[in-house]
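Subject: Handover of a structure and its findings

Dear colleague,

Please find below the structure that I am handing over to you.

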Amino acid sequence: QIWRETIYIPIMSQFHLDVASVLTDLGVEHDIEMKTRDELFSLDVALTGESQVCIQVDGPRHFSTNTRVPLGMTVVRDRLLTLKGWRVIAVPYHHWYAHHETVGRTTLRQQKWLREVLRGEG
């Protein structure tokens with residue numbers, strides 16, 4: 001019960017909103033902070049449609065400080081979602097910001113990168 005209550009507190013950073021904005025610019029229909037059917041997970045972004053595809057916007061708290069290796073909680077989240085039938089697309093902050101020049105504004109480079117990631121090319 002406590003687990004379910006914690007996922008009802010959505011935390012949306014500017015990074016999260018920027019990713020959603022790029023998806024809108026690309027014409028990709030999506031929902032933000034959608035709960036899974038069993039209400040055990042809150043998906044940062046869920047693409048609408050027949051397939052279960054979600055985008056997890058992973059900020060610095062999801063990674064080891066020195067190595068940028070995903071932390072155990074992030075790895076387990078992605079594995080559990082995959083076991084539940086979701087295709088999980090991770091958007092790590094360091095990849096996102098490597099594709100744009102100024103913080104707070106999305107760029108064509110970010111659009112191109114996200115389009116490639118969605119196609120499985122990135």
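**Salt bridges**

Asp58 and Arg77 form a salt bridge, with their closest N and O atoms 3.1 Å apart. This bridge joins distant parts of the chain, since Asp58 belongs to strand β3 (residues 53-58) and Arg77 to helix α3 (residues 72-83), 19 residues apart. Please note that this is a predicted model, in which local features need pLDDT of at least 70 and side-chain atom pairs count only at pLDDT 80 or more, while totals for chains, interfaces and linings use all residues. Residues are numbered from 1 along each chain as its sequence is written, and side-chain values use heavy atoms, with hydrogens and water left out.

A salt bridge here means a side-chain nitrogen of Lys or Arg within 4 Å of a carboxyl oxygen of Asp or Glu. Side chains of opposite charge can pair when their charged atoms come close. Helices (H or I, at least four residues) and strands (E, at least two) are DSSP runs, numbered from the N terminus.

How many salt bridges does the rule give? The count comes to four. Arg77 also meets Asp78 in a salt bridge, at 2.7 Å from N to O. Are Asp58 and Arg77 buried or exposed? Both are buried, and Asp78 is buried as well. For these words, buried means under 20% relative accessible area, exposed means over 50%, and partly exposed lies in between (1.4 Å probe, protein chains only).

Another salt bridge pairs Glu116 with Lys112, whose closest N and O atoms are 2.8 Å apart. Both residues lie in helix α5 (residues 108-118), four residues apart, or about one turn of the helix. Glu116 counts as partly exposed because its relative accessibility is 23%.

**A nonpolar patch on the surface**

Met12, Leu17 and Ile32 form a nonpolar patch on the surface, with about 240 Å² of accessible area together. Patches are made of residues with over 30% relative accessible area and no salt bridge; like charges are joined within 9 Å, and nonpolar side chains (Val, Leu, Ile, Met, Phe, Trp, Tyr) within 5 Å. Accessible areas come from the Shrake-Rupley method with a 1.4 Å probe, and for residues only the protein chains shown count as cover.

Leu17 is located in helix α2 (residues 14-25). Why does Leu17 count as partly exposed? The reason is its relative accessibility of 38%. The C-alpha atoms of Leu17 and Val57 are separated by 9.5 Å, although the two residues are 40 apart along the chain. Ile32 sits in strand β1 and is partly exposed, because its relative accessible area is 35%.

**Backbone angles**

Glu33 has a positive phi of about 55°, although it is not a glycine. Glu33 is found in strand β1, and it is buried because its relative accessible area is 13%. Arg68, also a residue other than glycine, has a positive phi near 60°. Where is Arg68 placed? Arg68 lies in the loop between β3 and α3, and with 44% relative accessibility it counts as partly exposed.

Yours sincerely,
A colleague
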